[in-house]
Amino acid sequence: MTAPQSSQALRWFAAAIVLANGFFPALWILATSFKNEVELTAKPITWWPENPVLTNYIAAFKDQPLPVYLMNSAIVALLSMALSLFVATLAAYAIARLRLKHRQLILTTIIAVSMFPLVTLMVPLFEIMRGLDLLNSYWALVFPYTVLNLPVCTLVLVSFFQEIPRDLENAAMIDGCTRLGALWRVVVPLAAPGVFTAGTLAFVNAWDEFLLSLSMNSAVAYRTLPVGIQMYQGEYAFPWPTISAALVIGLVPVVIVILLFQERVVSGLTAGGLKG
Amino acid sequence: MRSRLVAALLALLCAWPSLAQDRANLRVFVGGQQRPDIMRELFREYEAANPGVKVKLEVGGASSDLHQKYLNMVLTARDTSIDAFLIDIIRPAQFAAAGWAEPLNAYLGNDLETALGGYLPAYRAANTINGKVIALPALADSLFLYYRKDLLEKYGEEPPKTWPELARIAKKIQAGERNPDLQGLSFQGKAVEGAVCTFLLPYWSQGGEIIRDGRFAFDRAKAEAGLDMWLGMVRDGVAKRNAAEVSTDDTRKEFQAGKVIFGVVWGYGWNHFQKGADTKVSGNVGVTTLPAMPGGEPVSCMGGWNWAVSAFSKQKEEAVKLIRWLSTPYVSKQLAIRGSFHPAFTSVYEDPEVLKAVPWFQDALPVVATARARPITPVYKQVSDALRINTNVVMAGVKTPAQALDEIEQRIARAVRR
Amino acid sequence: MSTRSLRDRMLDPSDRALALLLLSPAIVLILAIVAWPVAKLLANSVMDVRLSQGVPVRFVGLENYAAALADGMFWRAVRNTMIIVVVTVPGALVVGLALALLANMPFRSRGPIRLALLLPWAMPLAFVGLIFAWFFHSEYGIVNDVIRRLGYTPQIWFNSPALTLAAICIATIWKTSSFMALILLAGLQTIPNSLYEAAEVDGASKWTQFREITLPLLVPSMLVALIFRTLTAIQSFDIPFSMPGPGEETQTLAMYIQQQAVDYLDLGYGSAVAVFMFLLSMATTWVYLRYIRGDER
């Protein structure tokens with residue numbers, strides 16, 4: 001839908017609303033992160049720091065091992081993204097391309113995974129990870145996150161694979177590729193936008209997860225960022241400025257990822273990715 | 001010739017690590033609030049005195065709840081990597097029931113009296129569950145009533161002995177100062193662990209108990225009188241309207257900013273009030289025992305941390321040795337001087353060096369001596385939640401004291417079911 | 001043509017084996033991470049497993065379930081969860097639709113608009129909870145500051161269960177409406193312009209065009225988004241956890257399960273409550289699927 005007759009003013013108005021809605025909370029936390037304790041508790045509040053200070057950022061790095069948390073989050077998110085993509089690509093290819101008797105049933109089963117709330121699986125998962133001696137390791141999070149992302153990744157990839165003409169694949173196989181070779185050399189590259197969409201969704205979901213991470217990896221060395229952020233709270237205190245600074249630092253990777261892949265994600269969605 | 005030399009070198013290289021083989025590699029867990037820097041210094045000292053023993057420090061969250069979430073997970077998983085840890089004074093019963101802490105009796109020998117005689121009796125009692133010594137006291141603490149010496153003097157008042165007296169003095173000063181921002185009393189109404197003590201202070205003062213001889217023993221009338229006392233403080237304007245939002249550090253900050261006449265806070269407040277960067281009350285702070293309910297006893301809420309050895313440790317002997325050293329008057333004195341931590345030994349309070357570093361410990365000892373342990377039960381977390389949450393909803397005006405007491409009774413009854 | 005069918009026939013026998021091979025990683029993971037835990041959960045839910053008290057584990061039948069049904073805290077958690085679902089799912093849809101319509105205007109550069117829609121989606125829930133808790137802080141929060149500037153009485157938001165739930169719902173809608181908007185925007189862009197042009201010729205008003213063309217054509221995009229949104233709303237944890245109201249008045253089901261299982265180590269009871277939550281998710285999915293199928297017919 002285009003609206004050619006909509007006036008310039010209306011467009012500015014629309015843009016202002018969308019931009020304010022999207023950016024305001026992040027900008028507000030950015031402003032808070034530069035305020036000192038006195039300005040923070042000033043009434044009426046100041047909308048932009050009058051005496052910007054960097055002490056909160058110094059404290060954010062000093063009070064908690066922020067780089068460790070960032071690194072852990074990145075490792076867990078990247079590993080589980082790679083694993084989700086691998087597993088989902090194979091499954092999606094089988095569903096989209098191979099002659100399967102219960103195609104619909106298999107797809108439904110995979111999608112049904114998202115019906116199981118993570119919190120309900122948490123305790124048994126904890127016992128299983130304990131049994132496998134995987135508590136306090138990256139795998140304790142990577143495997144569950146992979147499964148968590150399986151439905152959405154499979155859905156996206158199935159719909160992309162279905163759009164790729166079979167002839168291209170067959171041509172590759174005639175040229176001597178095996179079926180799997182054709183999958184990696186022809187189908188996946190052609191479905192690249194779908195792979196990017198699925199990958200970004202998987203990355204962001206894994207990056208965001210809090211509850212399981214809180215329960216599985218209690219050791220500092222494996223603590224992820226969303227849990228680490230909560231650690232700034234002391235026995236008695238809730239240091240808002242320091243937490244704001246840590247939040248800002250925690251948002252940087254998220255912003256980078258969406259800056260890099262925004263077009264892919266949006267075009268992936270446009271191509272009908274999520275319509276199943 | 002040459003090859004022989006190489007072989008000899010290789011042999012030496014191979015032997016070298018085993019020559020330096022450590023007798024024990026201990027991993028110790030403390031929370032972020034227990035000054036890991038000082039702990040590390042003490043560990044270095046221990047290592048120097050015990051060649052072959054290495055002590056590694058692992059630092060957890062900075063609140064007791066986060067600290068415990070970590071230990072819940074690690075110990076449920078029977079993790080062997082942690083040998084010793086600090087536990088909050090409210091936890092020994094849970095650790096005993098769950099079998100998470102190695103009972104220390106066998107290591108301490110038959111003469112427990114000699115081994116434990118030096119500790120303040122309440123600390124010794126809180127760490128002994130059904131005759132088993134679960135942990136050794138490390139740090140003591142208690143709630144104090146801090147007051148503005150200057151203001152009390154100005155209006156010719158003595159520190160109050162009862163809560164109604166406190167309210168009367170506070171109202172007199174508030175009226176005289178004509179400062180609408182001056183609070184008479186600040187206490188914890190938020191659903192934090194501090195609110196458990198808020199509930200217990202007036203309840204205990206009237207002789208109430210939560211658990212007696214292992215049985216749930218709740219006295220509704222006393223509990224209701226206690227909650228009514230706090231509500232009255234808010235109603236009369238002695239405490240501020242959003243008392244339900246006040247957490248421990250809010251009381252500390254506002255007292256420090258000169259906005260509070262009487263503040264109920266743990267021992268850590270003192271240093272902030274006297275030496276804090278932006279303190280407005282330095283030199284004008286007094287500290288005394290918490291007031292009593294009319295006709296009741298003055299009583300305080302006991303805090304503190306204790307060293308325990310993990311039941312899953314593979315180096316229990318060495319771990320016990322370490323914590324026995326950590327729980328000596330010597331270490332206690334170091335912690336008092338370097339970190340202003342309260343000792344669990346009566347003798348250390350009287351040590352001249354300690355009193356030189358922290359003179360106010362002289363006033364602190366009588367308060368710490370009146371401190372009582374919160375209910376000793378394996379389901380302490382459930383009891384704590386029931387008390388703190390219901391104190392909070394009463395202060396927020398969401399529930400009446402009667403409704404809150406119903407919920408406390410139900411929740412505790414469910415938690416202690418057989 | 002003939003080569004293709006020949007090729008296909010040649011591959012046919014291996015098709016099933018290959019399919020199994022390709023599906024096996026997914027199957028193994030689902031069995032290990034979902035099926036096995038669900039089985040364990042069901043087993044735990046009929047046992048008395050209390051780890052912190054050293055009580056011997058024993059079979060108790062449906063006792064845990066009965067205890068939950070008689071437990072006021074359980075019902076309060078159900079009520080809070082349902083409020084969040086009923087408010088935030090339609091809320092996210094309406095706000096998301098508005099954002100999608102606004103974002104669909106012909107802007108010269110789309111980058112910033114796209115970023116504005118992606119940022120809330122990509123921001124961790126736990127961050128959102130903390131940020132909005134700060135917004136609604138009774139003394140230093142921006143919400144009360146604005147209320148004060150407008151001359152009204154500021155509220156102590158987290159002192160009242162109703163106001164806290166309102167704040168939680170606002171935070172949740174903010175976080176989730178953007179993704180809804182992205183999906184709807186994708187849907188909007190697939191609607192051919194010719195339809196609007198034809199309607200324009202017929203003299204249909206903008207509102208009629210929206211009602212008769214835009215909405216019906218968006219329904220398929222909406223439904224799938226709504227299923228996922230509803231399922232995640234039932235599981236609400238991070239935001240209500242970071243924005244606690246008085247006591248536990250705004251506890252959700254997920255928070256209740258976490259408290260029983262992790263804080264109290266009462267695995268039997270926690271598992272029974274988890275089974276209830278799982279049933280709620282299944283029922284919701286079933287209702288949606290029924291609706292989608294009914295729609296197709």
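## Confidence in chain A

The model is predicted, and the confidence of the predictor can be followed along chain A, where the average pLDDT is 83 and 93% of the residues score at least 70. Within chain A, helix H4 (residues 66-97) has the highest confidence, at 93, whereas helix H2 (residues 37-40) has the lowest, at a mean of 75.

Where pLDDT is low, the predicted coordinates should not be read in detail.

## The build of chain B

Chain B holds 20 helices and 14 strands. Its radius of gyration is 24 Å, which is close to the 22 Å that the globule rule gives for 418 residues, so chain B is as compact as a globular protein of that length. Taken along the principal axes, the C-alpha atoms of chain B fill a box of roughly 100 × 50 × 40 Å. Of the 418 residues in chain B, 53% are buried, and among the contacts of chain B with a separation of 6 or more, 72% are between residues 24 or more positions apart.

## Two domains in chain B

The domain assignment divides chain B into domain 1, made of 22-141 + 304-366, and domain 2, made of 142-301 + 374-415. The C-alpha centres of these two domains of chain B lie 28 Å apart, and the contact between them takes 14 residues from domain 1 and 13 residues from domain 2. On the side of domain 1 of chain B that touches domain 2, helix H4 (92-98) and helix H18 (361-369) each supply at least two residues. By class, this side of domain 1 has seven nonpolar, four polar and three charged residues.

Strand E13 (residues 300-309) of chain B is mostly covered, with 10 of its 10 residues buried. Strand E3 (residues 84-88) of chain B runs antiparallel to E13(B) and is joined to it by five bridges, with Phe85(B) standing opposite Ala308(B) in E13(B). Strand E6 (residues 136-142) of chain B also pairs with E13(B) in the antiparallel sense, over six bridges, and here Leu139(B) stands opposite Trp305(B). The pairing of E13(B) with strand E14 (residues 371-372) of chain B is instead parallel and rests on two bridges, where Cys301(B) has Arg372(B) in E14(B) as its bridge partner.

Strand E12 (residues 285-288) of chain B shows two faces, a covered one formed by Val285(B) and Val287(B) and an uncovered one formed by Gly286(B) and Thr288(B). Four bridges join E12(B) to strand E7 (residues 144-148) of chain B in an antiparallel arrangement, and Thr288(B), from the uncovered face, is the bridge partner of Leu145(B).

## Two residues with positive phi

Asn130(B) has a positive phi of about 50 degrees although it is not a glycine, and its place is in the loop between strand E4 (128-129) and strand E5 (132-133) of chain B. Asn130(B) has 10 other C-beta atoms within 10 Å, and it is therefore exposed.

Leu265(C) likewise is not a glycine but has a positive phi, of about 55 degrees, and this residue lies in the loop between helix H11 (253-263) and helix H12 (267-296) of chain C. Leu265(C) counts as buried because it has 23 C-beta neighbours inside 10 Å.

Notes: Residues are numbered from 1 along each chain as its sequence is written. Chains are lettered from A and ligands numbered from 1 in the order in which they are written. This is a predicted model: local features need pLDDT of at least 70, side-chain atom pairs count only at pLDDT 80 or more; totals for chains, interfaces and linings use all residues. Domain bounds come from an automatic or database domain assignment. Two residues are in contact if their C-beta atoms, placed from the backbone, lie within 7 Å. Ala, Val, Leu, Ile, Met, Phe, Trp, Tyr, Cys and Pro count as nonpolar, Asp, Glu, Lys and Arg as charged, and the others, Gly among them, as polar. pLDDT is the predictor's confidence in each residue, from 0 to 100. The radius of gyration is taken over C-alpha atoms; the globule rule is 2.2 Å times the number of residues to the power 0.38. A residue is buried if 20 or more other C-beta atoms lie within 10 Å of its own, exposed if 12 or fewer, and partly exposed in between; C-beta atoms are placed from the backbone. Two strands pair if DSSP finds at least two bridges between them.
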